[in-house]
Amino acid sequence: MKICMIGSGYVGLVSGTCFADLGNTVYCVDKDKKKIDMLNAGEIPIYEPGLKDLVAKNFIAGRLKFINDLKIAVKKSDIIFICVGTPTSKKTNSADLRFVFAAANEISRNINKFKIIVTKSTVPVCTGDKIEQIISKKKSKKYFDVVSNPEFLREGEAIRDFRFPDRIVVGSDSKKSINKMYSLYAPLINKGAKFLATKRRSAEIIKYASNAFLATKISYINEIANLCEKTGVNIEDVSIGIGLDQRIGSRFLRAGPAYGGSCFPKDTKAITVTGDIFKTDLSIIKSVIKSNEKRKILLTERVKKILSNKIKNKKIAFLGVTFKPNTDDMRQSLSLLMIPFLLKKGAKIRYYDPSGVKKEFSKLKNISYHDNIENACNGVDLVIIHTEWEEFKALDFKKLSKRKKFKIYDMRNLYSVELMKHKGFEYHSIGR
Ligand SMILES: NC(=O)c1ccc[n+]([C@@H]2O[C@H](COP(=O)([O-])OP(=O)(O)OC[C@H]3O[C@@H](n4cnc5c(N)ncnc54)[C@H](O)[C@@H]3O)[C@@H](O)[C@H]2O)c1
């Protein structure tokens, strides 16, 4: 099939590349010319394991094209995916749909034959109806269908998630469009992926309800970890004990920092606003948002406590600053709050992240990037394990602390409390 991805970010680029790898011709469009130039030069604007090789393979085969001109891409395609960002609106906390509606407008001006227009962006319920209205102003309904196909891939595991999804959800009232989407995904369905056809609005809600549920699970175990800390219980035992119940399941039950990233914070906020619009109080999700906000403060306060409230001139090393491993995504990462806070209190920050230096810290003073763990930890007072990258899981702390014995705050529970005690480190972790 001929496909167009509008927006070549984490979702559009990964899914577009994977669709090309299944044999389709894919036009990845982005209004960011720099991004398209980079992609055409063989560079990948994001950090996603395995993506560079997959892009190269399909680009060379001529199945994957990167262009700025949406007009050409839309005209040549049968299926058009909208994969633009839907950030939090600063004024209302709802999803800002400016980019989605702008894309819909541009599409409407370039429909030359029947098209299926698919929202992959995470959008509130009834957005599909609005997209349909926008396009109907320019083109008769017989020339297009608007379908919802929410994306569930996780950054860092995105290619695997595309190839082996838990489910593919397609929402549409048109049998013809559902069948076409089924054919597009047939190579994955044939390998066992579950295909769920629903109404368009149901698909829109499924996405938000899934993310809000996962955010709830994280906040829940984080609060239980707080209780464990007060009662001398190990949260790891509790997580395993809860997770073995098949009705609950063990995933997303690992205590740690507040949830962050580009999806959970914005999606939890957006769905509560949608609830309010429809006069439905989504009180559970609202309390999850509050709990998560509190957690950011709690963990930052913990750093203060570990340093006995003496932060001025303390050297602190951050291992990992992204919100999770295997991505360069800094959106809503706890480090964005913690680092400026500690700098303000007079700390000197050093950081290392496998995905490289971060522009988010470029304007701050007293912070330096080091391109390896040894340099970052050299002579510091405290090491904070912020993100659970693989390379932080078996560190030789004795060697790292040769120049100066540092304290450790492991926000990901990567090490055994007993072992660290045995090695003579002042070691702090979560819920243990
Ligand atoms: N990142 C994830 O892990 C993830 C997972 C599932 C769903 N989602 C959802 O997918 C959507 C996209 O997320 P993302 O992380 O890929 O965003 P992103 O910011 O990485 O990428 C969006 C891209 O769209 C481009 N764009 C915006 N308007 C455009 C237009 N009119 N024409 C062409 N290009 C345009 C931007 O330049 C940008 O490159 C969001 O709604 C998000 O909630 C994201």
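This is a predicted model: local features need pLDDT of at least 70, side-chain atom pairs count only at pLDDT 80 or more; totals for chains, interfaces and linings use all residues.

**Ligand**

I started with the ligand's surroundings. Lys-266 has a side-chain N or O atom 2.6 Å from an oxygen atom of the ligand, which puts the pair inside the 3.5 Å cut-off. For Lys-35 I also read 2.6 Å, again between a ligand oxygen and an N or O atom of the side chain. Ser-262 comes in through a ligand nitrogen, with 3.4 Å to an N or O atom of its side chain. I then listed the neighbours: 24 residues surround the ligand, and the closest are Asp-30, Lys-35, Thr-86, Glu-155 and Lys-266.

**Helix 2**

Next I checked both ends of helix 2, residues 33–40. At its start, a side-chain oxygen of Asp-32 comes to within 3.1 Å of the backbone nitrogen of Lys-34. After the helix I found Gly-42, with a positive phi near 85°.

**Salt bridges**

How many salt bridges does the structure hold? I get 27.

I looked at Glu-151 and Lys-120 in some detail. Their closest N and O atoms are 2.9 Å apart, and they form a salt bridge. Glu-151 sits in the loop between strand 6 (144–148) and helix 7 (158–163), and Lys-120 in the loop between strand 5 (115–119) and helix 6 (127–136), so the bridge ties together parts 31 residues apart in sequence. Buried or exposed, these two? Both Glu-151 and Lys-120 are buried.

Then I turned to Arg-247 and Asp-245, a salt bridge with 2.7 Å between the closest N and O atoms. Arg-247 has 75% relative accessibility, so I put it down as exposed. Asp-245 has a relative accessible area of 23%, so I noted it as partly exposed.

Asp-276 and Lys-286 pair up as well, at 2.9 Å from N to O. This pair links distant parts of the chain, with Asp-276 in helix 11 (residues 264–277) and Lys-286 in helix 12, 10 residues apart. Asp-276 is partly exposed at 39%, and Lys-286 is partly exposed at 29%.

I also came across a network: Asp-129, Glu-132, Arg-200 and Arg-201 are joined by salt bridges that share partners.

**Second largest pocket**

Which element gives the most to its lining? Helix 12 does, with six residues. Helix 12 (283–306) and helix 9 (200–231) each supply at least two lining residues. I wrote out the lining as Asn-226, Glu-229, Lys-230, Ile-297, Leu-298, Glu-301, Arg-302, Lys-305, Ile-306 and His-428. Sorted by class, I have five charged, three nonpolar and two polar residues.

**Lys-402**

Last entry. Where is Lys-402? I found it in the loop between helix 15 (397–400) and strand 13 (407–410). With 71% relative accessibility, Lys-402 goes down as exposed.

How values were computed: Residues are numbered from 1 along each chain as its sequence is written. Side-chain values use heavy atoms; hydrogens and water are left out. On a 1 Å grid over the protein atoms alone, a cavity is a set of points where a 1.4 Å probe fits but cannot get out, and a pocket is an open set with protein on both sides within 12 Å along at least five of seven lines; lining residues have an atom within 4 Å of a point. Helices (H or I, at least four residues) and strands (E, at least two) are DSSP runs, numbered from the N terminus. Ala, Val, Leu, Ile, Met, Phe, Trp, Tyr, Cys and Pro count as nonpolar, Asp, Glu, Lys and Arg as charged, and the others, Gly among them, as polar. A salt bridge is a side-chain nitrogen of Lys or Arg within 4 Å of a carboxyl oxygen of Asp or Glu. Buried means under 20% relative accessible area, exposed over 50%, partly exposed in between (1.4 Å probe, protein chains only). A polar contact is a pair of N or O atoms within 3.5 Å; within protein, one must be able to donate a hydrogen and the other to accept it, and residues adjacent in sequence count only if both atoms are side-chain atoms. A residue is near a molecule or strand if one of its heavy atoms lies within 4 Å of it.
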